[in-house]
Amino acid sequence: TGNDEETLEAYGEYIIANAAIPNVVNDLLPPSAARSRLASAIENLEFAPSLISLYLGFKRAPKDLGNKHYSTFIAAEGAENMSNYVELMKGDISKRGFVFVDYSQIDSGLAPEGKGLGAICTLDYIADWENLGDEEYKAKKEEVAQMFIRRLDKVIPGIKEEIEYYEIGTPKTIQRYTLNPAGTPYGFAQIPQQAARKRIPQKSPVENLYFASAWTFPGHGFTGAIL
């Protein structure tokens, strides 16, 4: 750090960039015709959404309250069919659909004996969190956390009183720790106009440079990134 910062150099016949492709183009590659081709290929591609993740530590396992499911999906309020679902998931966060995962349903080893761990997750966008001062940001995080806790309590009555600890991550959190643009863990959006034919392949236009991660083909999610 500071004046003690050291620059390390490493060389290899093949380089695999397990990083956001826009970061590779904008921050890592020197000017060249190949870089220009890659920049043109991603120039108009839309990013996928980001996430809010609310992590919950329970005094006892939620299954002891009668919850029988590993994953519980709560639909967005006002959802009639898939035609209006996208807009609902971009709208009022207090009405967006979400999923609750109860890790106590399996022998996850994530919580001490007799206690439980769960998580609430929903789509979100970094624009909802930008231009906030530190205190405003903290206050909004607390407001959103309490809102989702109240909504969960309506689905699993009594679970609110069992929460011993909670922590919320926002799109800014994901951006800070992963450097993914806009805090998206999913790379380029998986939408029809950006389907497989427009996914960036593993082999880049730069000789012997390859891509891994959700930003390349076939796309995001655990399965996509593993493949």
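This is a predicted model: local features need pLDDT of at least 70, side-chain atom pairs count only at pLDDT 80 or more; totals for chains, interfaces and linings use all residues.
**View 1. The buried residues of α2 pack against α1 (21-28) and β7.** The buried residues in α2 are Ala34, Leu38 and Ile42. Look down the axis of α2 and they fall within an arc of 65°, so they line one face of the helix.

**View 2. Glu43 sits in the loop between α2 (33-42) and β2 (50-58).** Glu43 is exposed, because its relative accessibility of 60% is over the 50% cut-off. Pro22 is 21 residues away from Glu43 in sequence, and the two C-alpha atoms are 8.9 Å apart.

**View 3. Asn180 is in the loop between α5 (171-178) and β7 (209-211).** Asn180 counts as buried, since its relative accessible area is 13% and the cut-off is under 20%. Setting aside neighbours within four places in sequence, Asn180 touches Ala20, Gln175, Pro185 and Trp215.

**View 4. The largest pocket has a volume of about 680 Å³.** It is lined by 24 residues, and Asn180 turns up again among those closest to the centre, along with Ile174, Thr178, Pro185 and Tyr186. Elements giving two or more residues to this lining are α1, β2, α5 and α6 (221-226). Sorted by class, the lining has 13 nonpolar and 11 polar residues, with no charged ones.

**View 5. The second largest pocket comes in at about 470 Å³.** Its lining has 17 residues, with Ala48, Pro49, Leu123, Tyr125 and Ile191 nearest the centre. Helix α3 (residues 85-90) gives the most to this lining, with four residues. By class, you'll find 13 nonpolar, two polar and two charged residues lining the second largest pocket.

Notes:
Residues are numbered from 1 along each chain as its sequence is written. Side-chain values use heavy atoms; hydrogens and water are left out. Buried means under 20% relative accessible area, exposed over 50%, partly exposed in between (1.4 Å probe, protein chains only). Contact means heavy atoms within 4.5 Å. The arc is that of the directions from the helix axis to the C-beta atoms. On a 1 Å grid over the protein atoms alone, a cavity is a set of points where a 1.4 Å probe fits but cannot get out, and a pocket is an open set with protein on both sides within 12 Å along at least five of seven lines; lining residues have an atom within 4 Å of a point. Grid points are joined across faces, edges and corners, and a volume is the space filled by probe spheres set on the points. Ala, Val, Leu, Ile, Met, Phe, Trp, Tyr, Cys and Pro count as nonpolar, Asp, Glu, Lys and Arg as charged, and the others, Gly among them, as polar.
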